Amino acid sequence: MIRSFLLFPLLLLVFFTSCTPDPTPAAAAPAVADGTDPGIAELTAAIQADPENADLYAQRATMQYDKENYDAAIADMVSALSIDSTNIAYHYNLADVYLDYYRSRLALRTLERAAALDPDQVETHLRLAETQLILQQYEDALRSLSEVTRLDPRNPDAYLLLSQTFLETGDTARAIKSAEEATEIDPDMTDAFITVGQLLFAKGLPRAEQYFTAAVAIDPTDPYALHAKADFLRDANRLPEAIATYRAASMADRQYVAGHYNAGLLYLELDSVPQALTEFDLVIKNDPIHIRGFFFRGYAREQLGQTAAACQDYSVALRFAPDYELALEGYQRLGCED
């Protein structure tokens, strides 16, 4: 009963990003300083005093980017490049802003210009490959990665990106081989070990577990590695071990509430409702706006007969997300509005 009930909330854990078509870039507008930020105001004054200093524009762009003022950041980086068009780092920074601003094709063109300026820069080809993967330009990504391995035959990042490229094009065998190559080149590359583990597990191969264990061994306090191993244990139906590993992830980093949240879900699957309630309490304690945390704490309280407290949790979840259907159903089921 609980397992089927949880399928829909579990889907909410998956977030999708997509690439939108890039508009034709208009002429760069002058960057407007954020008057509430003294650092930006100080740089604006410095630019007015020295308008041909490219680095000042680049510094202000970084501050604007950190504040998610993407248009202003782009305008500043364009200004910096108009003064010093050969600075590869400026191209990287502009591409980063474009990517975060969902303008992947503009990022691609920016990196292509960087590659033309200095064809022997390994980092440029890696960045190109990543952007080409986002745009699903697989043949181009393979060519970029071929350039990386030509320049640096033992570059682990290249092999990990090759693994992703092969996986997305349906060549699982080469995806596994490439990721394994990355682990051999860099025995501390956590992502590569996790990738191999996931690919092997998907094929039902028992040696998958050793790669998750190796990923955790690189840094036993890395919540990402612990979470990946916990996912493997969950999917292998080893739920008590999965719970312990999820909890270890959140205990390694108290801000990483996903571990407590997933442990709570698994406790519900095991009908261990009081333990689940404890985990959801910890989720909310460390993330007071975790909407699903409030819903599931309310659900656990409802199962334990704590109706008033459950209503309160459902109410908070609905305050954050008025269209949250499961919270609304719980609210109505208990007659909380009466």
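R60 counts as buried, at a relative accessibility of 5%; here buried means under 20% relative accessible area, exposed means over 50%, and partly exposed covers the values in between (1.4 Å probe, protein chains only). The structure is a predicted model, in which local features need pLDDT of at least 70 and side-chain atom pairs count only at pLDDT 80 or more, while totals for chains, interfaces and linings use all residues. Residues are numbered from 1 along each chain as its sequence is written, and side-chain values use heavy atoms, with hydrogens and water left out.

R60 sits in helix α3, and its side chain makes a polar contact of 2.9 Å with the side chain of T44. A polar contact is a pair of N or O atoms within 3.5 Å; within protein, one atom must be able to donate a hydrogen and the other to accept it, and residues adjacent in sequence count only if both atoms are side-chain atoms. E42 belongs to helix α2 (residues 38-49). In contrast to the buried R60, E42 is exposed, at a relative accessible area of 60%.

On the scale of the whole protein, there are 19 helices and zero strands. Of the 338 residues in the protein, 45% are buried. Among contacts (heavy atoms within 4.5 Å) with a separation of 6 or more, 49% join residues 24 or more positions apart.

The expected span of a helix is 1.5 Å times one less than its number of residues. For the 14 residues of α4 (residues 70-83) this gives 20 Å, and the end C-alpha atoms are 20 Å apart, in agreement. The buried residues of α4 are Y70, A72, A73, I74, A75, D76, M77, A80 and L81; α3 (54-66) and α5 (88-100) are among the elements that cover them.

In soluble globular proteins, nonpolar side chains tend to be buried together.

Aromatic rings were examined next. Rings of Phe, Tyr and Trp (its six-membered ring) pair if their centres lie within 6.5 Å; planes under 30 degrees apart count as stacked, over 60 as edge-to-face and the rest as tilted. A search of the whole structure finds 13 aromatic pairs. One of them, Y65 with Y70, is tilted, at 6.1 Å centre to centre and 55° between the planes. Y65 is partly exposed, with a relative accessible area of 24%, whereas Y70 is buried at 15%. The pair of F295 and Y299 is stacked instead, with 6.4 Å between centres and 25° between the planes. Both residues lie in helix α17 (residues 291-303), four residues apart, or about one turn of the helix, and both are buried. Ring pairs link F295 and Y299 with Y261, F280, F296, Y314 and Y324 into a cluster.

How many disulfides are found when cysteine sulfur atoms must lie within 2.5 Å? The count comes to one, formed by C311 and C336 with their sulfur atoms 2.0 Å apart. The torsion about the S-S bond is about -80°, so this disulfide is left-handed. C311 lies in helix α18 (residues 307-320) and C336 in the segment after α19 (325-333), so the pair ties together parts that are 25 residues apart in sequence. C311 is buried at 14% relative accessibility, and C336 is buried at 19%.

N155 lies between α8 (138-151) and α9 (156-168), and N155 is buried, with a relative accessible area of 7%. The side chains of N155 and D152 are joined by a polar contact of 3.1 Å. Leaving aside neighbours within four places in sequence, N155 is in contact with V122, L126, V148 and I185.

Definitions and conventions: A disulfide is a pair of cysteine sulfur atoms within 2.5 Å. Helices (H or I, at least four residues) and strands (E, at least two) are DSSP runs, numbered from the N terminus.
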